[in-house]
Amino acid sequence: MATVHLDTPADTQAAQVVSGRAGRKAERDAHKKLTSRGATLAAAIIAVVWTIPTFGLFVTSFRPGADSNTTGWWTVFVDPSFTLSNYFDALTAGGTALTLGESFINSLAIAIPATLIPISIAALAAYAFAWIPFKGRSPLFVAVFALQIVPIQMALVPLLSLFSRGLTIAGVGIFPGFTLRDVEHSFATVWIAHAIFAMPLAIFLLHNFISEIPGELIEAARVDGAGHGQIFFRMIIPLAMPAIASFAIFQFLWVWNDLLVATIFAPSSSLPLTQTLNSLSGTWGDRWYLQSAGTFISIIVPLLVFFALQRFFVRGLLAGATKG
């Protein structure tokens, strides 16, 4: 006669306790292997060395111009002298036709749409690659991903020619071209250029995240009568917000710190903050203390964006960069 052993609640609870202890012990062992006093000390030294130049730039931004031109920033510890005039002067100064304050507004006008446009298009494309079956889906996705290896510098001249002259094949006009670069305060060509350069990476990251959403959720929504639009806006977007936010940080920082693309595609009245910073030190470089003040003005917005979205950053980056 067979004997059947039934687990009692006490046995189940004891097994859970033992399993929990084993898991905590494994975590402690892994922590010991991955960390040590030497590694912690080395990390602290690297952090200090890495921070010293930034700290020196920060101190210089508050020192009078005469002191900055004659003595090093470290002399502030024995002869402290500070002023806020560098920041006021930097906002109203500029080596180009624009002041730093005006170019700051231009950078906002460039960076915000140049971040939202590629994310919006890439999210739709990533959903299509992940959940809408169509012929040639895999080769097309590989082709989009392969566009990441094309250097931006190689595409600048063809893209500028496309914007200026348009595209004609066998006498047939395919693309009429833009004349917006000659329009005052026009940012359209800069937005389009940044969106084109950002699209391959955005589609790749968002596709890898969206494709990992359980298929049961999508199928349940379809059974309830939801179409692709409802699934995308009510399910995919909220679930993919970590990946969207992590890419938004990358794209915003890239566009905000960009000098090359904006200088080529933007008219003189729409140049960004980086262009003004580049010439803020003056013809002979004797006003570099204003450049240090302008630098810290320029990092205010990226810091706000990063801290506002940082809770999504690591989770979205890891989920979007790996699959399986």
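A residue counts as buried when its relative accessible area is under 20%, as exposed when that value is over 50%, and as partly exposed in between (1.4 Å probe, protein chains only). Keep that in mind as we walk through this predicted model, in which local features need pLDDT of at least 70, side-chain atom pairs count only at pLDDT 80 or more, and totals for chains, interfaces and linings use all residues. Residues are numbered from 1 along each chain as its sequence is written, and side-chain values use heavy atoms, with hydrogens and water left out.

Let's begin with the whole chain. The protein chain contains 15 helices and two strands; these are DSSP runs numbered from the N terminus, with helices (H or I) of at least four residues and strands (E) of at least two. Of the 324 residues in the protein chain, 35% are buried.

Now find helix H8, residues 188-210. Here 18 of the 23 residues are buried, so this helix is mostly covered. Follow H8 to Met199 and you reach a kink of about 45°, shortly before the proline Pro200. The bend at a residue is the angle between axes fitted to the seven residues ending there and the seven starting there.

Next, look at helix H9, residues 215-223. Side chains of opposite charge can pair when their charged atoms come close.

Finally, how do helices H4 and H14 meet? The axes of H4 (residues 85-92) and H14 (residues 288-298) come within 8 Å and cross at roughly 80°. Axes are lines fitted to C-alpha atoms, for helices over the stretch in contact, and angles run from 0 to 180 degrees between N-to-C directions. Angles of 65 to 115 degrees count as roughly perpendicular (under 35 is roughly parallel, over 145 roughly antiparallel, the rest oblique), and H4 and H14 are therefore roughly perpendicular to each other. With contact meaning heavy atoms within 4.5 Å, residues including Tyr87 and Leu91 in H4 meet residues including Leu290 and Phe296 in H14.
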